[in-house]
Amino acid sequence: MAPYFETAKSFADVPITDDGVDTAAFLLASTDFVNMFDLLGGGVFAFVQNDLRSNITGVRHRFDAASAESPTLEKLVTNECSGGSGAGDRHGTACLVRLVRGLWFTCEALRNMQRDRNAELHTCFKRSYDANLKHHHSFVIRSVVSVAIRAVPHRREFYVRITQGGSHEKFDEELTKWLAGLERIVLRLRAFLEEGGYGRI
């Protein structure tokens, strides 16, 4: 059986057109990305996964309520915020903003891991948290996250579990593609959301 990372939907394969980022493909890639961390067991990434899953559910709920008007994430947002079918409290848009934030935090943490081969995983996540999420959180949330980050596995253990016996080099190659695809999506959505006044990443 192939390792999970070889069969999961990659952000590199999410279509982007002039109309925007394909909603269904993005939701599948996001779900598969979050589920990959289940391989670590024991809920060590629960603080990240729970937030991401909750926001994926919020975006998916909006997509299911108005799929014809939401083929891309950009259209999902503009339709919801302009009072289109099923529009209400802009919950889908708020969830998308938080989802993109959380994915960017995770992306940068894993990039830190790839760039700094000697750094332990908790250091990589701390750097990313301080740069990307800390300013969005209250003191209480920061304290909770600080404790959770210290519980992430050691670098070597992370690779052993996440590759499921597969090649570490192949995983790194695939992860590089995933993160490049995710960066492309995040930068596009950040510009769209912030310029449109829908939310700040």
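In which crossing, left-handed or right-handed, does α2 pass α5? The crossing is left-handed, a term for a near helix turned anticlockwise from the far one by less than a right angle.

This is a predicted model, in which local features need pLDDT of at least 70 and side-chain atom pairs count only at pLDDT 80 or more, while totals for chains, interfaces and linings use all residues. Residues are numbered from 1 along each chain as its sequence is written, and side-chain values use heavy atoms, with hydrogens and water left out.

Helix α2 (residues 23-36) packs against helix α5 (residues 91-115) at an angle of about 50°, and their axes are 12 Å apart. Helices are DSSP runs (H or I, at least four residues). Axes are lines fitted to C-alpha atoms over the stretch in contact, and angles run from 0 to 180 degrees between N-to-C directions. The angle makes α2 oblique to α5; angles under 35 degrees count as roughly parallel, over 145 as roughly antiparallel, 65 to 115 as roughly perpendicular and the rest as oblique. Phe26, Ser30 and Phe33 of α2 meet Leu96, Leu99, Leu103, Thr106 and Leu110 of α5, where contact means heavy atoms within 4.5 Å.

| Residue | Helix | Relative accessible area |
|---|---|---|
| Glutamate 74 | α4 (residues 73-81) | 7% |
| Threonine 163 | α8 (residues 155-163) | 0% |

Key
Helix = DSSP H or I, 4+ residues; strand = E, 2+ residues; numbered from the N terminus. Buried < 20%, exposed > 50% of the residue type's maximum accessible area, 1.4 Å probe, protein only.
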